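The sequence and model are shown first.

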Amino acid sequence: MKKTIYLKTPIATAQLTGSKNGVSEIKIIDNQSSFKDDIDIPKCLLQARLQLSEYFKKERTKFSFPINPEGTEFQQKVWKELLHIDYGKTCSYLELSKKLGNPKAIRAVASANGKNPLWIVIPCHRVIGSDGSLTGYSGGLSRKKWLLELESPSQQQSLF
């Protein structure tokens with residue numbers, strides 16, 4: 001049985017859903033109402049909430065809780081490839097399509113990317129246009145920009 005818990009983040013409230021088999025969905029809730037966690041929460045959801053909190057404090061760059069996203073075979077293949085984009089790095093839709101073995105599948109890859117059910121954990125926000133532009137993001141481009149800035153290496157301050 002799936003359970004749900006919530007996490008307030010600097011850019012939205014996140015709704016985390018899953019079961020003992022893993023976290024199946026993490027999505028943005030724009031409504032600012034207060035939310036109440038379910039009872040008897042599976043360990044993986046508690047781990048996910050803790051690890052996401054650490055991510056937003058720049059204390060975590062990788063996630064280690066069990067995930068169980070639901071999608072088609074092709075979507076699963078795309079999401080698995082997204083997991084190989086390291087923290088602080090980006091990849092274009094074309095590069096992603098090539099890694100999946102079909103450079104002409106850019107639109108299908110983009111569609112699967114947009115259906116990613118695990119916000120931040122499967123890092124679809126790290127996929128950008130071939131020209132370096134920020135393109136489509138289900139959470140909105142301002143959040144995509146914010147996440148990429150959070151993950152960018154620290155800029156050295158000027159000494160003078």
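## Burial and surface

Of the 160 residues in the chain, 44% are buried (under 20% relative accessible area, with a 1.4 Å probe and protein chains only).

The model is predicted: local features need pLDDT of at least 70 and side-chain atom pairs pLDDT 80 or more, whereas totals for chains, interfaces and linings use all residues. Residues are numbered from 1 along each chain as its sequence is written, and side-chain values use heavy atoms, without hydrogens and water.

## Fold and dimensions

The chain contains five helices and five strands (DSSP runs: H or I of at least four residues, and E of at least two, numbered from the N terminus). Their order along the sequence is β-β-β-α-α-β-α-α-β-α.

## Nonpolar core

The largest nonpolar core has 36 residues, and Leu16, Ile26, Leu82 and Trp119 have the most contacts inside it. Such a core is a set of buried Ala, Val, Leu, Ile, Met, Phe, Trp, Tyr and Cys residues joined through side-chain atoms within 4.5 Å. Elements giving two or more residues to this core include β2 (13-19), β3 (22-29) and α1 (43-56); the largest share, six residues, comes from α1.

Leaving aside residues up to four places away in sequence, Ile26 touches Leu16 and Trp119, among others including Leu52 and Phe65 (contact: heavy atoms within 4.5 Å).

Note on methods: Buried means under 20% relative accessible area, exposed over 50%, partly exposed in between (1.4 Å probe, protein chains only).
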